[in-house]
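Hi,

Here is the structure I promised to pass on. My notes on the strands and one of the pockets follow it.

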Amino acid sequence: MPMNATYQRPGDLAEVIPVFPLSGALLLPRGQMPLNIFEPRYLAMIDDALRLGHRLIGMIQPDTGHPGPEERPNLYKIGCVGRITQLAESGDGRYLIQLTGVARFRISEELQVPTPYRQCRVRYTDFIDD
């Protein structure tokens, strides 16, 4: 996949994406979100998104009305997938990235995966006009 890939329709997007639950952070289609990545599990998530070539990260809110366990909070069912459009290494082990929102998604299921970050099977068809 080229580094400057564009997504024209839902079929162009990955069906399984890593998700980043982050309270108070709302990414919208075509919006920009700067992130300071420092937790080891999310550093691994960024590395994997770059290595796999899709450069996609799903931003989603933890469901504060039904919190679940602190280490794995319940998630709202709708989020927005963003593409890593800028990346800088800080020199002290952090990534400074910018996500550009591509499309909203609905979680179909959360997968049991060996990665330290969460991954979900998602669908975009409910938001075809994004």
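Two strands count as paired if DSSP finds at least two bridges between them; helices (H or I, at least four residues) and strands (E, at least two) are DSSP runs, numbered from the N terminus. Please keep in mind that this is a predicted model, in which local features need pLDDT of at least 70, side-chain atom pairs count only at pLDDT 80 or more, and totals for chains, interfaces and linings use all residues. Residues are numbered from 1 along each chain as its sequence is written, and side-chain values use heavy atoms, with hydrogens and water left out.

Let's start with strand 5 (residues 95-111). Strand 2 runs antiparallel to strand 5, joined by 6 bridges, and Met 33 stands opposite Leu 99. Strand 4 (residues 78-89) also pairs with strand 5 in the antiparallel sense, over 11 bridges, with Gln 86 opposite Gln 98. Their hairpin has 5 residues between the strands, and Gly 91 takes a positive phi near 95° there. Strand 6 (residues 118-123) pairs antiparallel with strand 5 over 5 bridges; Glu 110 faces Cys 120, and 6 residues lie between the two strands of this hairpin.

Now the pocket. Strand 1 (16-21), strand 2 (32-37) and helix 1 (40-52) each give at least two residues to the lining of the second largest pocket. A pocket here is an open set of points on a 1 Å grid over the protein atoms alone, where a 1.4 Å probe fits, with protein on both sides within 12 Å along at least five of seven lines; lining residues have an atom within 4 Å of a point. The second largest pocket holds about 190 Å³ of space. Of its 15 lining residues, Phe 20, Pro 21, Glu 39, Arg 41 and Tyr 42 are the closest to its centre.

Best wishes

Conventions. Grid points are joined across faces, edges and corners, and a volume is the space filled by probe spheres set on the points.
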